[in-house]
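Please have the sequence and the structure at hand while reading.

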Amino acid sequence: MHKVQLYFQSLFVILAVLIYLSQLSLADVGTSAHYRTPYLPTACYGNNAAQFPSSNLFASAGEGIWDNGAACGRQYLVRCISAAHPRTCIPGQTIQIRIVDRALSSVSRPSRHGATIVLSKTAFGMIAKPSASSINIEFQQV
């Protein structure tokens, strides 16, 4: 009886660890740049200024996540994981952003082309030094 109980306890622990580890791998890795005003009009919501969160944590979607406009309104958790220059990332900072535009057609040009997510200047500055032109990010849809 004791062996059966030990077997099920071990099985439970292994299952719990596997579930925990599977949740860690839900994030994707990509690159991020930043852009400045003017932010209007956007490909998602035109000239509607109400589209921007009051926190100014928003972004334009790169072609990899644009999805023919389906990215509009999606929210992502984003964190800086590395950059070309040491100590560019702000450690332990994760932000939640909303997609409001398409990077390829945004009025303001991104600091670097081909980024997965182009963050507003405010959003970029919360996870990395604003002087950087691009960073490597981990992002996950909320």
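## Disulfides and their pairing

A disulfide is here a pair of cysteine sulfur atoms within 2.5 Å. By that criterion the structure, which is a predicted model, holds 2 disulfides. When the bonded cysteines of the protein chain are numbered in sequence order, the pairing reads 1-2, 3-4.

## Cysteine 44 and cysteine 72

The sulfur atoms of cysteine 44 and cysteine 72 lie 2.0 Å apart and form a disulfide. The torsion about the S-S bond of this pair is about -80°, so the disulfide is left-handed. The pair links distant parts of the chain, 28 residues apart: cysteine 44 is in the loop between strand E1 (28-35) and strand E2 (58-61), and cysteine 72 is in the loop between helix H2 (63-66) and strand E3 (75-82). Helices (H or I, at least four residues) and strands (E, at least two) are DSSP runs, numbered from the N terminus.

Buried means under 20% relative accessible area, exposed over 50%, and partly exposed in between, with a 1.4 Å probe and protein chains only. Cysteine 44 therefore counts as buried at 18% relative accessibility, whereas cysteine 72, at 23%, counts as partly exposed.

## Cysteine 80 and cysteine 89

Cysteine 80 and cysteine 89 form a disulfide with their sulfur atoms 1.9 Å apart. The torsion about their S-S bond is about -55°, so this disulfide is left-handed. Cysteine 80 is buried, its relative accessible area being 7%.

## Basis of the values

Residues are numbered from 1 along each chain as its sequence is written, and side-chain values use heavy atoms, with hydrogens and water left out. In this predicted model local features need pLDDT of at least 70 and side-chain atom pairs count only at pLDDT 80 or more, while totals for chains, interfaces and linings use all residues.
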